[in-house]
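Q: I'm new to this one. Can you walk me through it, bit by bit?

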Amino acid sequence: MLPYFFLSKQLPDALIPTIPGPEMPLACLTDFQAFARERLPKSTWDFIEGGADDSFTRDDNIAAFKRIRLRPRYLKNVVNVDTRTTIQGEEITAPICISPTGFHCLVWPDGEMSTARAAQAAGVCYITSTFATCALEDIAATAPRGLRWFQLYVHPDRQLSKQLVQRVESLGFKALVITVDVPKLGNRRHDIRNQLDLKLNLLLKDLHSPKERTSMPYFQMSPIDSSICWNDLSWLQSITRLPIILKGILTKEDAELAMKHNVHGIIVSNHGGRQLDDVLASIDALAEVVAAVKGTMEVYLDGGIRTGNDVLKALALGAKCVFLGRPILWGLAYKGEDGVKELLNIIKNEFHTSMALTGCQSVAEINQDMIQFSRL
């Protein structure tokens, strides 16, 4: 058995959320954000929301969508709008899925198990993080019919990584997502100012067997291999039959290298602005990547998605699907599994409305003619 992350019983009170119920229904994703900001401890909130350096890219991820305008077409039959699509050959109810984010137990006791159940109920894909705070076996067992991909940070000990990949494959995960934009952690000022030291409160469990458990401080093993490079993809391909998706590509040059190395998909992402500040907003990098791969693989997007209109804009620019990161944690902070289901239902309904009001019966009808970039 390989490492997984869990919450230490010594977690300080400053990190434990208090979550009373709201007094009114939440109507949009930013309502969930406001609720989470009010209810979560400051250090937890800052950890979730913080960006790198000045947080310019984090904020621009959202602002960039507002620079895109919609061009609706009317007098079209939209009685039966169908939001379904497929990713890597698997059907999902809408092109709105869940990005890999770590430490879900920081905001809800059942953590990633709640997230997995909500994704299964919503009929969307959930990418489970290497830094999950629940055992992978528990995540798989709690939502056995859910579509799950696994996000991998390659460990310096390649044998450990190999065992982990084989483990997730045996548990029914359907794709392997390699995050490429973390050769080292970004400079997250909020965590420095808060003196947030997760390594004192989160333990890395090394589960060699169910009866043999040893623990060590989080990150003591330096779990992210900063030497990983393009040539290592062939090694990953040799140890798994799962399709390999690269998360964090922002340029045509890297997209072309991804094609050369025969990966199955790209998630255009800047890690929510948490890694390198001053890079392009994800939506601004999307068209370049889509053009570079020339339809040879599916391209997805995460970063800045807050409304159904945002989803439609991303698909118009060539994304096959979008993934939500921080909003899922806001949903967890609201009501756990039910909160994530409610949040997903809201944005799926918004997307349905966006399709109807722009004249689209199906996802396949969404195209670049439906948008234009604002001059502002």
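A: One term to begin: a nonpolar core is a set of buried Ala, Val, Leu, Ile, Met, Phe, Trp, Tyr and Cys residues joined through side-chain atoms within 4.5 Å. Buried means under 20% relative accessible area, exposed over 50%, and partly exposed in between, with a 1.4 Å probe and protein chains only.

Q: What should I know about the source?
A: This is a predicted model, where local features need pLDDT of at least 70, side-chain atom pairs count only at pLDDT 80 or more, and totals for chains, interfaces and linings use all residues. Residues are numbered from 1 along each chain as its sequence is written, and side-chain values use heavy atoms, with hydrogens and water left out.

Q: How many residues are in the largest nonpolar core?
A: It has 110 residues. Trp149 and Ile283 have the most contacts inside it.

Q: And which helix gives the most to this core?
A: Helix 12, residues 326–358, with 13 residues. Helices (H or I, at least four residues) and strands (E, at least two) are DSSP runs, numbered from the N terminus.

Q: Leu344 is in helix 12. Buried or exposed?
A: Leu344 is buried, with a relative accessible area of 0%. Leu344 and Ala94 are 250 residues apart in sequence, yet their C-alpha atoms are 9.8 Å apart in space.

Q: Let's switch to helix 10. Which of its residues are buried?
A: Ser282, Ile283, Ala285, Leu286, Val289, Ala292 and Val293. They cover an arc of only 155° around the axis, so they lie on the same side of helix 10. The arc is that of the directions from the helix axis to the C-beta atoms.

Q: Why would that happen in a helix?
A: An α-helix has 3.6 residues a turn, so residues three or four places apart point the same way.

Q: What's the span of helix 10?
A: Helix 10 (residues 282–293) has 12 residues and reaches 16 Å from first C-alpha to last, close to the 16 Å expected at 1.5 Å a residue. The expected span is 1.5 Å times one less than the number of residues.

Q: What follows helix 10?
A: Lys294, with a positive phi near 55°. Most residues other than glycine have a negative phi.

Q: Where is His271?
A: In the loop between strand 12 (265–268) and helix 10. His271 is buried, at 13% relative accessible area.

Q: And helix 11, how many of its residues are buried?
A: Eight of the nine in helix 11 (residues 308–316), so helix 11 is largely enclosed by the rest of the structure. The buried ones include Asp310 and Lys313. Just after helix 11, Gly318 takes a positive phi of about 115°.

Q: New topic: how is the lining of the second largest pocket split by class?
A: It has 13 nonpolar, two polar and two charged residues. Ala, Val, Leu, Ile, Met, Phe, Trp, Tyr, Cys and Pro count as nonpolar, Asp, Glu, Lys and Arg as charged, and the others, Gly among them, as polar.
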